[in-house]
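Here are some notes to read alongside the structure. Please take the points in order and keep the sequence at hand.

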Amino acid sequence: QVHLVESGGGLVQPGGSLRLSCAASGSFFSINAMGWYRQAPGKQRDLVAVITSDSRTNYADSVKGRFTISRDNAKNTVYLQMNSLRPEDTAVYYCHADLNLVPGSARNYYWGQGTQVTVSS
């Protein structure tokens with residue numbers, strides 16, 4: 001059983017900052033990549049940022065230069081530092097993990113429960 005536990009969401013004013021965290025726990029062999037997606041009301045869930053096991057990153061164009069994804073491999077944790085937040089960043093943010101449960105196994109994908117980020121004055 002694998003669990004992704006997110007924290008750090010909340011209400012922030014435009015221009016402010018938040019830091020999201022997501023810790024993976026349970027039984028698995030390795031993490032290939034972890035990332036963050038977001039879903040605003042009435043919209044599809046979209047990629048925000050992803051980081052691979054060798055620290056390669058990819059960002060949505062809308063967050064480049066404002067958000068930074070990082071990971072602590074020893075803690076199986078991924079972080080999303082969000083600066084210069086805008087009202088359009090308001091969404092539920094979901095953590096995602098791409099794991100191998102045992103050596104040589106197929107990839108398995110997991111989602112966190114989501115954390116609300118609201119940017120409003």
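Over how many bridges do β1 and strand β3 pair, and in which sense?

1. The model is a predicted one. In it, β1 pairs with β3, which covers residues 18–26, over six bridges in the antiparallel sense. One place to look at in this pair is His3, which has Ser25 of β3 opposite.

2. β1 and β3 belong to an open sheet of four strands, and its order is β1-β3-β8-β7. The pairing in the sheet is antiparallel. β1 (2–7) and β7 (67–72) each have a single partner strand, so one side of each has no neighbour in the sheet; these two strands are the edges. On average, with direction ignored, neighbouring strands of the sheet are turned by 15° against each other.

3. The largest nonpolar core consists of 31 residues. Met34, Trp36, Leu80, Met82 and Tyr93 have the most contacts inside this core. Several elements give two or more residues to the core, among them β1, β3, β7 and β8 (77–82), as well as β4 (30–39) and β5 (46–52). β9 (91–100) and β11 (115–119) are also on that list. The strand that gives the most is β9, with five residues.

4. Asn100 is a residue of strand β9. Is Asn100 buried or exposed? Its relative accessibility is 12%, and buried means under 20%, so Asn100 counts as buried.

5. A polar atom of the Asn100 side chain lies 2.8 Å from the backbone oxygen of Ser105. Leaving aside residues up to four places away in sequence, Asn100 touches Phe28, Phe29, Ser30, Asn32, Ser105, Ala106 and Arg107.

Note on methods
Residues numbered from 1 in each chain as written. Predicted model: local features only at pLDDT ≥ 70, side-chain atom pairs only at ≥ 80, totals over all residues. Heavy atoms only, no water. Pairing = 2+ DSSP bridges. Axes fitted to C-alpha atoms, helices over the stretch in contact; angles between N-to-C directions. Core = buried A, V, L, I, M, F, W, Y, C linked by side-chain atoms within 4.5 Å. Buried < 20%, exposed > 50% of the residue type's maximum accessible area, 1.4 Å probe, protein only. Polar contact = N/O pair within 3.5 Å; in protein donor to acceptor, adjacent residues only side chain to side chain. Contact = heavy atoms within 4.5 Å.
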